[in-house]
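Subject: Structure for you to look at, with notes

Dear colleague,

Here is the structure that I promised to pass on to you. Please open it beside this message and follow the notes below as you read.

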Amino acid sequence: MATDTTPADGASPDDAQPRPPEKKTGRAGRDLPAAIAVGACLGGGVIATLLFAPRGWVAVVAAAMIVATLEVARRLREGGYAIPLVPLLLGGQAIVWLTWPFGAAGALGGFGGTVVLCLIWRLLSGGLTAPPVNYLRDVAVTVFLAAWIPLFGAFGVLLVYPDDGAQRVFCLMLGVVASDIGGYTAGVLFGKHPMAPAISPKKSWEGLSGSLVLGIAVSVLSVEFILDKPWWVGVPLGIMLVITGTLGDLVESQVKRDLGIKDMGTLLPGHGGLMDRIDSVLPSAVATWIVLTLLA
């Protein structure tokens, strides 16, 4: 006898069809299994590089800057911005690699050269017979992009050059991860008061408190036992990492809100694009270099 598959009264035909299993996501909106797996792979790669080939960190950051710049530039172009991609990519590599022989001066010089080249490139993009359209808007966004990604990334590279450079990068990464874990855990368990609902509705003041507690604790332990510096250096380091990490995430959230998108890319399952993963690391690299250069 054939089985009656007619839907019951009031039910739609779709209700009679099997539904694909939904992805498991946490209260913060992440695909947790994928996010954890990708995070573990990225963390393992960073650890292996710093342990066995610390100067390879320069190449890792340089490659990441290419991917992140391409992701954001593609989204901006979809939003109608004319981004001079070739000089931005080439200049971004100069910003990172010039730190090897010239340190912070190399990064600053590379950034200045990149800005000049991008200004000229965009000026001449339509030839000499017609003025470029939206020139001021496009070059302002391009300069912002050059600072936001490769220049900030160069500070992460600058951390690795001292004799204890690998340990300094570890302090950066451990502090950022601790801030993220503390904020996520406290936000999921206790989050009731939105911190910036107009920018990122899922962030809460309870989550920020969790970031501060775990971020400072891990930074203190990292500075004392990994970097072999006075423990108190970890206090300002932890505070700065939480502040810059949180603001870095909010800045990217606002950029995505302006562009009307959810993620910068799809490269990393559970995270979105690479820029969605390193948005908090980039400004935190600047903070870590400043704190450790001045105090350690």
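Val116 sits in helix α4, which covers residues 99-123; helices here are DSSP runs of H or I with at least four residues, strands are runs of E with at least two, and both are numbered from the N terminus. Please keep in mind that this is a predicted model, in which local features need pLDDT of at least 70 and side-chain atom pairs count only at pLDDT 80 or more, while totals for chains, interfaces and linings use all residues. Residues are numbered from 1 along each chain as its sequence is written, and side-chain values use heavy atoms, with hydrogens and water left out.

With a relative accessible area of 45%, Val116 counts as partly exposed, since buried means under 20%, exposed means over 50%, and partly exposed lies in between (1.4 Å probe, protein chains only). Together with Leu119, Ile120, Leu123, Leu124 and Leu128, Val116 forms a nonpolar patch on the surface, and the accessible area of these residues together is about 560 Å². Such areas come from the Shrake-Rupley method with a 1.4 Å probe, and for residues only the protein chains shown count as cover. A patch is made of residues with over 30% relative accessible area and no salt bridge, where like charges are joined within 9 Å and nonpolar side chains (Val, Leu, Ile, Met, Phe, Trp, Tyr) within 5 Å.

As for the overall layout, the protein has 10 helices and 2 strands, and from the N terminus on these elements follow the order α-α-α-α-α-α-β-β-α-α-α-α. The protein has 296 residues, of which 44% count as buried, and its accessible surface comes to about 15,400 Å², with 69% of that belonging to carbon and sulfur atoms. Among contacts (heavy atoms within 4.5 Å) with a separation of 6 or more, 69% are between residues 24 or more positions apart.

If its neighbours within four places in sequence are left aside, Met275 is in contact with Ala68, Glu71, Val72, Trp148, Ile149, Glu252, Met264 and Leu282.

Beyond its neighbours within four places in sequence, Phe155 is in contact with Ala285, Val286 and Trp289.

There are 10 salt bridges in the whole structure, each being a side-chain nitrogen of Lys or Arg within 4 Å of a carboxyl oxygen of Asp or Glu. Arg74, Arg75 and Glu78 are linked in a network of them: Arg74 meets Glu78 at 3.1 Å, N to O, and Arg75 meets Glu78 at 3.2 Å, N to O. Arg74 and Glu78 both lie in helix α2 (residues 56-78), 4 residues apart, or about one turn of the helix. Glu78 and Arg75 are separated by about one helical turn because they are 3 residues apart in helix α2. Arg74 is partly exposed at 39%, whereas Arg75 is buried at 18%. Another salt bridge joins the side chains of Asp249 and Lys203 (2.8 Å, N to O), and this pair links distant parts of the chain, with Asp249 in helix α8 and Lys203 in strand β2 (residues 200-204), 46 residues apart.

Finally, please look at two loop residues. Asn134, in the loop between α4 and α5, has a positive phi of about 55° although it is not a glycine. Asp228, in the loop between α7 (205-225) and α8 (234-259), likewise has a positive phi, near 60°, and is not a glycine; Asp228 is exposed, with a relative accessible area of 65%.

Best wishes
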